[in-house]
Amino acid sequence: DAGEVLLSPEDYETAARARLDRAVYDFIAGGSGDEVTLRGERAAYDRYRLRPRTLVDVSHCDPGTTLLGSPVSFPVGVAPMAYHRLVDAEGETATVRAAGAVGALTVTSTFASRTIEETARAASGPLWLQLYVLRERKVTESLVRRAEAAGYRALVITVDAPRMARRERDLRNGFSLPPHIRPVNLDDGQSGGLHGSRAGSSTLAEHAARHHDAAFTWQDLAWLRSLTSLPLVLKGVLTGQDARQAAELGVEGLIVSTHGGRQLDGAIAALDALPEVVAAVPETCEVLVDGGIRRGTDVLKALALGARGVLVGRPVLWGLAVDGAAGAERVLATLRAELTDAMALTGRPALDAIAPDLLHLSPAATA
Ligand code: FNR
């Protein structure tokens with residue numbers, strides 16, 4: 001629309017919804033089961049309120065930092081999400097340009113619709129590769145080698161999806177990939193069976209059931225550790241126990257996550273699991289969090305509870321759906337501007353001044 005002014009992630013979602021096929025919108029927006037955890041991710045942020053300090057010199061607020069040693073202009077990255085070409089003809093290469101333009105990290109998915117190498121060529125900021133461990137270990141190993149060769153800086157192993165949870169929106173819609181979209185980084189042996197819609201089933205769930213290695217354990221993680229010198233990050237850890245075990249195996253980073261409410265429905269909100277995870281690992285292990293982060297103040301809350309940084313998922317795809325790379329860039333740039341505003345208005349001009357004393361927990365508070 002001429003004159004359509006889009007500001008918040010919600011504005012972008014509304015505009016994206018009007019442009020996308022219903023089944024694609026539902027695939028992105030939805031969660032598993034009753035979507036209790038999906039809603040809980042947002043609710044967790046709204047329970048915290050901020051305790052600003054006044055009369056602090058906030059004429060310079062700097063949200064710049066590093067994530068596993070890579071400089072970023074603010075502690076935010078794009079979460080790994082499958083098939084960006086569902087919403088934009090260009091897909092992941094557009095997303096990674098957007099992130100580079102604002103100095104954000106990008107994590108690309110195993111199920112990207114652009115190749116590892118194409119995405120790397122389009123990147124100007126740091127890139128990490130997300131891996132699902134597949135039954136065919138040689139495929140995982142070849143993805144690791146390609147990531148190393150293409151200059152990716154870390155590997156993110158998603159550990160909350162030994163199988164795909166039941167996502168009823170996808171089952172109802174008979175969700176499957178349109179013919180022109182494929183998981184281009186996988187071999188022919190792994191990339192079939194994703195097309196052809198049937199009501200009552202999701203080809204993505206069936207694919208995960210066939211190819212994700214549900215027998216992958218801590219012992220096997222040692223195999224992955226020995227395979228590469230790239231930093232390893234586990235995504236989907238929600239307890240101090242798992243965090244401690246990961247750190248003992250030499251994992252450099254953790255992403256506290258419920259997969260955006262798309263896996264175990266009823267799981268604790270990632271924000272609520274964050275303090276326990278942070279307390280369980282040495283400071284050298286960097287802890288990120290994702291799920292439900294929509295505003296600069298949400299980033300501030302996560303940092304106050306000990307996160308080194310955060311990832312943002314759906315809002316980036318809404319931006320991409322509305323206006324390609326420019327839309328994704330605006331969504332990320334807005335988040336960065338809001339974070340800087342929030343630092344100024346809370347009297348925390350530097351990231352190292354952000355601590356738990358910034359927060360007030362009001363369990364009864366609603367949005
Ligand atoms: C995801 N997510 C995800 N995670 C992952 O490790 N590998 C993947 O391939 C995908 N794919 C994917 C597709 C779509 C459409 C969505 C919405 C999400 C989960 C993602 O990385 C992240 O954990 C959540 O999206 C974060 O929550 P928000 O910011 O979307 O609320």
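**Close-up 1. The residue classes around the ligand.** In this predicted model, the shell around the ligand holds nine nonpolar, nine polar and five charged residues. In total, 23 residues surround the ligand.

**Close-up 2. Strand β11 and its buried side chains.** Here we turn to β11, which covers residues 309-312. G309 and L311 point one way from the strand, while V310 and V312 point the other way.

**Close-up 3. The strands paired with β11.** Strand β4 (residues 76-78) runs parallel to β11 and is joined to it by three bridges. Strand β10 (residues 286-290) is also parallel to β11, again with three bridges between the two. V310 is a handy landmark in this view: V76 is its bridge partner, and V289 stands opposite V310 as well.

**Close-up 4. Helix α1 packed with helix α14.** Take a look at α1 (residues 9-19) and α14 (residues 314-345), whose axes lie 7 Å apart and meet at an angle of about 110 degrees. The two helices are therefore roughly perpendicular to each other. On the α1 side, P9, Y12, E13, A15, A16 and R19 make the contact. From α14 come P315, W318, G319, A321, V322, G327 and V331. By class, the residues of this contact are nine nonpolar, two polar and two charged.

Conventions:
Residues numbered from 1 in each chain as written. Predicted model: local features only at pLDDT ≥ 70, side-chain atom pairs only at ≥ 80, totals over all residues. Axes fitted to C-alpha atoms, helices over the stretch in contact; angles between N-to-C directions. Helix = DSSP H or I, 4+ residues; strand = E, 2+ residues; numbered from the N terminus. Parallel < 35°, antiparallel > 145°, perpendicular 65-115°, else oblique. Contact = placed C-beta atoms within 7 Å. Nonpolar A, V, L, I, M, F, W, Y, C, P; charged D, E, K, R; others polar. Near = placed C-beta within 6 Å. Buried ≥ 20, exposed ≤ 12 C-beta atoms within 10 Å, placed from the backbone. Pairing = 2+ DSSP bridges.
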